[in-house]
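Please look through the model below before reading the points.

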Amino acid sequence: MHAAGALARPARDGGGALMEPFIRPIAIGVMIFIVFNALIMASAILVLAERKIMGFMQQRYGPYLVGPHGMLQPIADILKLVFKEELRPKGADKWLFTLAPVLSVVAAFVAFATVPYGAELALGPWTLPFVGTIGPLLDPPIKLGIADVNVGVLVVFAVTSMGVYGIVLAGWASNSKYSLFGGLRASAQMISYELSYATALAAVILLAGSLSLREIVDSQQGFWYLFGVVPVPKWYFFVQIPGFLIYVIAGVAETNRAPFDFPEAEQELVAGYNTEYSSVRFALFPQAEYINMVTMSAVATDLYLGGWHFPGLPAEYGWIAFLVKVAFFLFVYIWMRWTVPRYRYDQLMKFGWKYLFPAAVLNLIATAALVLYFNA
Amino acid sequence: MPETITFYLFAALAVGASVLVIGQRNPMYSVLLLIASFGALSGLYIQLDAPFVAVAQIIIYAGAIMVLFLFVVMLLNAPKEDGADWDRTHPLRQRGVTRWGTLLVALLIVQLASALMAVREYDTPVGAQSDATSVNSVADLGRSIFTRHTFAFEATSILILVAMVGAVVLARREDAQ
Amino acid sequence: MIPLSHYLILSATLFAIGAAGVFLRKNLITILLSVEIMLNAVNLTFVAFGRFAGDLDGQIITFFVMTVAAAEAAVGLALVIALFRHRESLNPDAFTSLKW
């Protein structure tokens, strides 16, 4: 990278030197802006995708009227929610009623901050016809990912466990018994499945030897050769299939999605913790849920499916492979919701504590033993 | 320079939130303010080059212990302390207590600080020396816990097990049958 | 770079605030919260001194303090629940029947 910069530098001397100290902060600011908007757009697209896919699975078209094939449906939904009346029940706690959805959404956005989604970006060198060679604009190149912290995996986990507060407070602040039950059940479920989530994560950390998500992805480069001939990408999915299943199940339970969405199920508990919410405060809850889905899918992609590495794809276009993999996970989330029946609350807790957590611990022990055996 | 700003910001947040914790009527607000204080402390730990402790603080304290407190407050429907009673008995609203109490608290701070600063070189900026070991690694922490401090680690895990069983037994409803 | 004394004064202040909370508040849960404030102040002191000495022992002790704090909070809250069921009050002055 630096050699390329040195070759290209002479073309940048005239007039380019003024912008130099600003290019990097501007690039990082643009990246943060793009990621923030991408997350918001993702939650809007997921609203549409969910209803369309649900429709197709139920042998009907989903939303069809608003825009071509219903593509402007999310805009219609958002406009409807914004124009509704903002209600607050009389006994509801003034501050906490508003704080709860804000906390949910903020935790959802912040959790994405340490997730890397691409390799390095150097923006150049480009050869243009009249100007000559424009050197790499970002030298050293920026890594695609908002923050690369050396304990990145734990930061995602920590911020996700702060998202529990949004639900618990929403349930309590609404001053209504359905909301309170929904809130308590949802938070008890989330903290129970956090254990299995963390233990499955620990097995991948053992394999990768690092807590930084970027390093975990980078250790999945390359190929193993099965029987000496068949190249298999070095993704951890292939060596950790039980761990992967445990992680995905725990991730689905963490985001309160079906089949673990008893606390917000319409048929069971009115609408659970968001019963008393309307308009914008209500809209923030599904948005937080969709963004949590995206974060879980992104982290699962980074941990098990090799992130942005794809056999044959050059590193600069890795983010496309990343998006495809995340989209695959989101499809699996939606597919699961409309195919599988919902767990009852006691079945859900029994499954989490009695079956999933011991399985995760066994997975960790087996992985540790195998790592020790193959490295010794 | 940015370090000084973040230090004062986090310190002000931690102290402010802690003072509000002990002065709130509603225990729910106290718990939430304490979570804010823990967040500020987590920021301070990051400044002290302890990222793992910072994240563990959020996961363990703010994410688990405080959820436990919140559940208990909601379960007991802990009443907001009554208005008239509050004004009469609230310690910070009585003149004598406010004057002498604040004096005692200030005295305690001065005494603790002077005891802690018996270290001779307390003015050296933290982090100025031994920058090589500052990129810690969680691996070194783990190695140290599992080799030098194994006994403490095992004893602590037994302690948690005992506490877990104890908490379940203590909070159980005494059924007549 | 922040001098060590700043961190020490901050943790002394937090400890004193926590101690004031334990002595002055008349609500069992707030008393337990103040104890948590004190434990955190101690953690900060350990980490600051650990960084000052350049080694990891400060952080290691912090883990044990956090774990013990978690165990203590769990048992303390279980006791508060049991007490509340008995007397319907969270005021420590309601539990003085053994006082002579």
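In which helix is A:I28 found? A:I28 is found in helix α3 (residues 20-57) of chain A, where helices (H or I, at least four residues) and strands (E, at least two) are DSSP runs, numbered from the N terminus.

1. Basis. This is a predicted model, in which local features need pLDDT of at least 70 and side-chain atom pairs count only at pLDDT 80 or more, while totals for chains, interfaces and linings use all residues. Residues are numbered from 1 along each chain as its sequence is written, and chains are lettered from A and ligands numbered from 1 in the order in which they are written.

2. A:I28. A:I28 has 14 C-beta neighbours inside 10 Å and therefore counts as partly exposed. The scale calls a residue buried if 20 or more other C-beta atoms lie within 10 Å of its own, exposed if 12 or fewer, and partly exposed in between, with C-beta atoms placed from the backbone. A:L144 is 116 residues away along the chain, and its C-alpha atom is separated from that of A:I28 by 9.3 Å.

3. Helices α5 and α6 of chain A. The axes of α5(A) (residues 94-111) and α6(A) (residues 152-173) come within 8 Å and cross at roughly 160°. Axes here are lines fitted to C-alpha atoms, for helices over the stretch in contact, and angles run from 0 to 180 degrees between N-to-C directions. The two helices α5(A) and α6(A) are therefore roughly antiparallel; angles under 35 degrees count as roughly parallel, over 145 as roughly antiparallel, 65 to 115 as roughly perpendicular and the rest as oblique. The crossing of α5(A) past α6(A) is left-handed, a label used if the near helix is turned anticlockwise from the far one by less than a right angle, with right-handed used if clockwise. Residues in the contact include A:L96, A:F97 and A:L99 of α5(A) and A:V156, A:V159 and A:T160 of α6(A); two residues are in contact if their C-beta atoms, placed from the backbone, lie within 7 Å. The contact of α5(A) with α6(A) has 18 nonpolar, four polar and no charged residues. In this count Ala, Val, Leu, Ile, Met, Phe, Trp, Tyr, Cys and Pro are nonpolar, Asp, Glu, Lys and Arg are charged, and the others, Gly among them, are polar.

4. Helices α7 and α13 of chain A. Helix α7(A) (residues 177-208) packs with α13(A) (residues 345-375) at an angle of about 10°, their axes being 8 Å apart. That angle is why α7(A) and α13(A) are described as roughly parallel. Here too the crossing, α7(A) past α13(A), is left-handed. By class, this contact has 18 nonpolar, seven polar and one charged residues.

5. Strands β5(A) (residues 223-226) and β6(A) (residues 230-233) pair in the antiparallel sense over four bridges; two strands pair if DSSP finds at least two bridges between them. A:L226 stands opposite A:V230 in β6(A). Three residues lie between the strands of this hairpin, and A:F227 takes a positive phi near 55°.

6. Positive phi elsewhere. Most residues other than glycine have a negative phi. A:H69 has a phi near 60° and lies in the loop between α3 and α4 (73-83) of chain A. With 14 other C-beta atoms within 10 Å, A:H69 is partly exposed. C:E88 has a phi near 55° and lies in the segment after α3 of chain C. C:E88 has 10 C-beta neighbours inside 10 Å and counts as exposed.

7. Chain B. Chain B has seven helices and zero strands. Of its 177 residues, 30% count as buried. Among contacts in chain B between residues at least 6 apart in sequence, 49% join residues at least 24 apart.

8. Chain B against chain A. Eleven residues of chain B are in contact with 15 residues of chain A. Helix α3 (residues 51-76) of chain B gives the largest share of the chain B side, ten residues. That side divides into ten nonpolar, one polar and no charged residues.

9. Chain C against chain B. Here 61 residues of chain C are in contact with 71 residues of chain B. On the chain C side, α3(C) gives the most, with 21 residues. By class, that side has 43 nonpolar, 13 polar and five charged residues.
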